[in-house]
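This report goes through selected parts of one structure, element by element. Please keep the sequence and the model in view while reading.

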Amino acid sequence: MPAQFLINIMIATLWTLLMDEDALYLSTFLSGYLVGIIILFLMHRFFGTKFYLIRVFSAIKLLWIFIRELFQSSWLIMKQILSPKINIQPGIFTYEHNMRGDYELTTLALLLTLTPGSVVMEVSPDGKVFYIHAMDIETSRGEVLRSIKAFEKAIMEVTRN
């Protein structure tokens with residue numbers, strides 16, 4: 001991915017220099033960047049990896065999923081806090097994930113911990129099971145599992161070829 005991006009920048013720079021204009025214009029550089037995207041898309045199979053903009057869009061999608069989950073879980077916690085009677089049953093459950101490598105494992109654990117209402121307490125010694133504390137185990141376990149699966153899928157789209 002970094003190689004494709006650097007090649008795209010080089011194409012855009014060459015495009016800007018070959019236009020023989022009196023000054024450097026951002027519009028010329030951006031048009032060269034778009035030409036570079038087209039060239040790299042047509043030749044990306046020779047790099048042996050996915051086209052780099054697919055990963056960029058996947059990363060944006062992961063960020064969007066995180067923001068959506070953050071707002072949804074914050075709304076649920078705000079409703080619990082503002083209700084006159086707190087009716088929660090905290091609990092711990094396990095989740096066996098499909099992550100490979102420390103980077104994917106850490107990213108998933110951090111994204112789950114950053115969303116209110118759930119905390120990754122521990123990872124099993126073999127690294128395959130999360131022990132997750134949920135604020136309300138009966139009502140939020142399904143929502144937490146749904147968000148875990150969404151995060152897991154999005155992380156795999158970003159990190160794997």
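## A serine in helix H3

Ser 73 sits in helix H3 (residues 52–82). Helices (H or I, at least four residues) and strands (E, at least two) are DSSP runs, numbered from the N terminus. The model is predicted: local features need pLDDT of at least 70, side-chain atom pairs count only at pLDDT 80 or more, and totals for chains, interfaces and linings use all residues. Residues are numbered from 1 along each chain as its sequence is written, and side-chain values use heavy atoms, with hydrogens and water left out.

Ser 73 counts as buried because its relative accessibility is 12%; buried means under 20% relative accessible area, exposed over 50%, and partly exposed in between (1.4 Å probe, protein chains only). The side chain of Ser 73 reaches the backbone oxygen of Glu 69 at 2.8 Å. Leaving aside neighbours within four places in sequence, Ser 73 is in contact (heavy atoms within 4.5 Å) with Thr 115 and Pro 116.

## Helix H4

Helix H4 (residues 101–114) has 14 residues. From its first C-alpha to its last, H4 reaches 20 Å, close to the 20 Å expected at 1.5 Å a residue; the expected span is 1.5 Å times one less than the number of residues. The buried residues of H4 include Leu 105, Leu 108 and Leu 112.

## Strands E1 and E3

Strand E1 (residues 91–96) has two faces: Gly 91, Phe 93 and Tyr 95 are on the covered one, while Ile 92, Thr 94 and Glu 96 are on the uncovered one. E1 pairs with strand E3 (residues 129–134) in the antiparallel sense, over six bridges. Two strands pair if DSSP finds at least two bridges between them. The bridge partner of Phe 93 in E3 is Ile 132.

## Aromatic pairs

There are four aromatic pairs in the structure. The rings of Phe 41 and Phe 51 have centres 5.4 Å apart and planes at 75°, so this pair is edge-to-face. Rings of Phe, Tyr and Trp (its six-membered ring) pair if their centres lie within 6.5 Å; planes under 30 degrees apart count as stacked, over 60 as edge-to-face and the rest as tilted. Phe 41 is partly exposed, with a relative accessible area of 46%, whereas Phe 51 is buried, at 6%.

Phe 66 and Phe 151 form a tilted pair, 6.4 Å centre to centre with 40° between the planes. This pair links distant parts of the chain, with Phe 66 in helix H3 and Phe 151 in helix H5 (residues 137–159), 85 residues apart. Phe 151 counts as buried because its relative accessibility is 0%.

Note on methods:
A polar contact is a pair of N or O atoms within 3.5 Å; within protein, one must be able to donate a hydrogen and the other to accept it, and residues adjacent in sequence count only if both atoms are side-chain atoms.
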